[in-house]
Amino acid sequence: MKTFLWWFLTGAATTLGVLMVQGGFQDLISGNKSSASFMLTITGGGLLAGCIAMILNRIK
């Protein structure tokens with residue numbers, strides 16, 4: 001569980017960083033996209049990283 005949580009947080013932070021570099025912060029403030037869309041994307045990035053970490057940990 002620690003592995004999943006660590007990689008979930010790392011994946012979510014990385015996804016947030018990529019969104020901010022691509023101008024996501026400006027879209028969020030200007031109202032072009034909803035905050036739910038950003039939260040879903042960030043959560044998806046965290047889940048992807050966490051699940052990949054669990055699979056790789058199990059293979060090892």
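Predicted model: local features only at pLDDT ≥ 70, side-chain atom pairs only at ≥ 80, totals over all residues.
## Overall fold

The chain contains three helices and zero strands. Read from the N terminus, its elements follow the order α-α-α. The radius of gyration is 13 Å, whereas the globule rule gives 10 Å for 60 residues, so the chain is more spread out than a compact globule.

Taken along the principal axes, the box filled by the C-alpha atoms is roughly 45 × 20 × 15 Å.

## Contacts and burial

Of the 60 residues in the chain, 20% are buried. Among contacts with a separation of 6 or more, 71% are between residues 24 or more positions apart.

## Surface

A nonpolar patch lies on the surface, formed by Leu48, Ile52, Ile55, Leu56 and Ile59. Together these residues have about 530 Å² of accessible area. One of them, Ile55, has its place in helix α3, which covers residues 35-59.

## The aromatic pair

The structure has one aromatic pair. Its members are Phe4 and Phe8, with ring centres 6.0 Å apart. The angle between the planes is 25°; planes under 30 degrees apart count as stacked, and this pair is stacked.

Phe4 and Phe8 both belong to helix α1, residues 2-21. Because they are four residues apart in that helix, about one helical turn separates them.

Definitions and conventions. Residues numbered from 1 in each chain as written. Heavy atoms only, no water. Patch = residues over 30% accessible without salt bridge, like charges linked within 9 Å, V, L, I, M, F, W, Y side chains within 5 Å. Areas by Shrake-Rupley, 256 points an atom, 1.4 Å probe, with all protein chains shown as cover. Salt bridge = Lys/Arg side-chain N within 4 Å of Asp/Glu carboxyl O. Helix = DSSP H or I, 4+ residues; strand = E, 2+ residues; numbered from the N terminus. Rg over C-alpha atoms; globule rule 2.2 N^0.38 Å. Buried < 20%, exposed > 50% of the residue type's maximum accessible area, 1.4 Å probe, protein only. Contact = heavy atoms within 4.5 Å. Phe/Tyr/Trp six-rings, centres within 6.5 Å; stacked < 30°, edge-to-face > 60°.
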